[in-house]
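Have the model open beside this text.

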Amino acid sequence: MAGKASSLPRGVYERELLRLQTELVKVQEWVRAEGARLVVVFEGRDAAGKGGTIKRIADHLNPRVARIVALPKPTERERTQWYFQRYVEHLPAAGEIVLFDRSWYNRAGVEHVMGFCTKEEHQLFLRQCPIFERMLVEDGILLRKYWFSVSDAVQQVRFQRRLKDPTRRWKLSPMDLESITRWEAYSRAKDEMMVHTDIAEAPWHVVESDDKRRARLNTIAHLLGSVPYHDVPPPVLELPPRPASTGYQRPPRDLQTYVPDHAATL
């Protein structure tokens with residue numbers, strides 16, 4: 001399998017990941033200091049590695065600055081709104097980063113392929129999406145879009161692993177399994193989406209993700225290279241001297257309920 005043959009050694013991966021994550025913290029501080037607004041859209045095949053990449057990006061970031069948006073299916077009320085409306089309310093204010101784990105592109109993919117929207121709604125999306133994104137960029141939002149590409153063979157292996165792993169079983173849904181039988185339909189939908197929405201103001205960047213480690217590093221490195229950040233000197237902080245005791249006495253331990261020491265049983 002190509003993905004396994006080119007797998008990045010764990011030690012190399014972890015060292016570079018930590019270096020890149022350190023740079024992401026610098027981006028966060030630059031965003032906060034400059035009042036910038038950064039939106040990163042993650043799309044792609046099921047089991048392509050979007051979630052793992054988002055997790056590594058957010059690992060060391062302040063959740064008050066950087067947040068992940070992964071919306072459930074729309075409510076009955078939301079279905080009557082302008083399609084982009086439910087996403088607009090999650091866009092960042094000054095000094096914020098938003099990572100979309102799937103986004104408004106649901107309409108170009110799963111909704112279109114599975115028949116959850118009409119052909120007219122799909123075509124309207126393809127016309128409006130470039131306009132919507134140009135509006136975001138013209139307003140000063142830094143918009144980055146990543147498409148995670150995985151081969152059918154590697155996707156199949158990842159699905160099998162999820163089926164057998166009780167800690168990841170929740171990642172598989174009937175919709176994910178349906179994507180196996182509709183592989184070519186999703187491919188055609190993606191190709192059509194790219195034709196309409198790969199625009200100069202907000203281009204798509206394709207991430208080869210058969211090797212998850214490479215995909216994570218490549219995505220983060222590209223994201224860092226696309227943002228004009230610089231070091232923001234942190235405030236100078238010093239630990240104050242701890243004051244002497246004034247006679248405080250802790251209440252007896254038996255007056256409080258403690259978590260049992262499960263670790264002692266191991």
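**Inside the predicted model**

The lining of the largest cavity holds nine nonpolar residues, no polar ones and no charged ones. This is a predicted model. Its largest cavity has a volume of about 50 Å³.

Which residues line the largest cavity? They are Leu24, Val27, Leu38, Val40, Ile57, Leu61, Ile97, Leu99 and Leu223. Three elements each give at least two residues to the lining: helix H2 (10-34), strand E1 (37-44) and strand E3 (96-101).

Ile57 leads on to helix H3. This helix spans residues 50-58, and its buried residues are Lys50, Gly52, Thr53, Ile54, Ile57 and Ala58. What do the buried residues of H3 pack against? Their partners are H2, E1, strand E2 (66-69), E3, strand E4 (142-149) and helix H11 (212-226).

Now turn to the rings. The whole structure contains 17 aromatic pairs. One of them joins tyrosine 83 and tyrosine 87. Their ring centres are 5.9 Å apart, with 55 degrees between the planes, and the pair is tilted. Tyrosine 83 and tyrosine 87 are both buried.

Tyrosine 87 also pairs with tryptophan 104. Here the centres are 6.0 Å apart and the planes stand at 80 degrees, so this pair is edge-to-face. The cut-off for edge-to-face is over 60 degrees. Tyrosine 87 belongs to helix H5 (residues 85-88), while tryptophan 104 sits in the loop between E3 and helix H6 (110-114), so the pair ties together parts 17 residues apart in sequence.

Are these two residues buried or exposed? Tyrosine 87 has a relative accessibility of 2%, so it counts as buried. Tryptophan 104 is at 0%, so it counts as buried too.

Both pairs fall within one aromatic cluster, whose members include Tyr83, Tyr87 and Trp104. Trp82, Phe84, Phe100, Tyr105, Phe125, Phe132, Trp147 and Trp204 are also among them.

Arginine 86 places its charged end over the ring of tyrosine 87, 5.5 Å from the ring centre. Arginine 253 lies over the face of tyrosine 258, 4.5 Å from the centre of that ring.

Next come the loops. Proline 92 lies in the loop between H5 and E3. Its relative accessible area is 7%, so proline 92 is buried. What does proline 92 touch beyond its neighbours within four places in sequence? Its contacts there are Arg37, Leu38, Val39, Arg67 and Val98. Of these, Leu38 is also one of the residues lining the largest cavity. The C-alpha atom of proline 92 is 9.2 Å from that of valine 65, and the two residues are 27 apart along the chain.

Finally, look at the backbone. Most residues other than glycine have a negative phi. Alanine 47 is not a glycine, yet its phi is positive, at about 65 degrees. Alanine 47 sits in the loop between E1 and H3. At 6% relative accessible area, alanine 47 is buried.

Arginine 102 also has a positive phi without being a glycine; the value is about 70 degrees. Arginine 102 is in the loop between E3 and H6. Its relative accessibility is 25%, so arginine 102 counts as partly exposed.

How values were computed: Residues are numbered from 1 along each chain as its sequence is written. This is a predicted model: local features need pLDDT of at least 70, side-chain atom pairs count only at pLDDT 80 or more; totals for chains, interfaces and linings use all residues. Side-chain values use heavy atoms; hydrogens and water are left out. On a 1 Å grid over the protein atoms alone, a cavity is a set of points where a 1.4 Å probe fits but cannot get out, and a pocket is an open set with protein on both sides within 12 Å along at least five of seven lines; lining residues have an atom within 4 Å of a point. Grid points are joined across faces, edges and corners, and a volume is the space filled by probe spheres set on the points. Helices (H or I, at least four residues) and strands (E, at least two) are DSSP runs, numbered from the N terminus. Ala, Val, Leu, Ile, Met, Phe, Trp, Tyr, Cys and Pro count as nonpolar, Asp, Glu, Lys and Arg as charged, and the others, Gly among them, as polar. Rings of Phe, Tyr and Trp (its six-membered ring) pair if their centres lie within 6.5 Å; planes under 30 degrees apart count as stacked, over 60 as edge-to-face and the rest as tilted. Buried means under 20% relative accessible area, exposed over 50%, partly exposed in between (1.4 Å probe, protein chains only). A charge sits over a ring if NZ of Lys or CZ of Arg is within 6 Å of the ring centre and within 35 degrees of the ring normal. Contact means heavy atoms within 4.5 Å.
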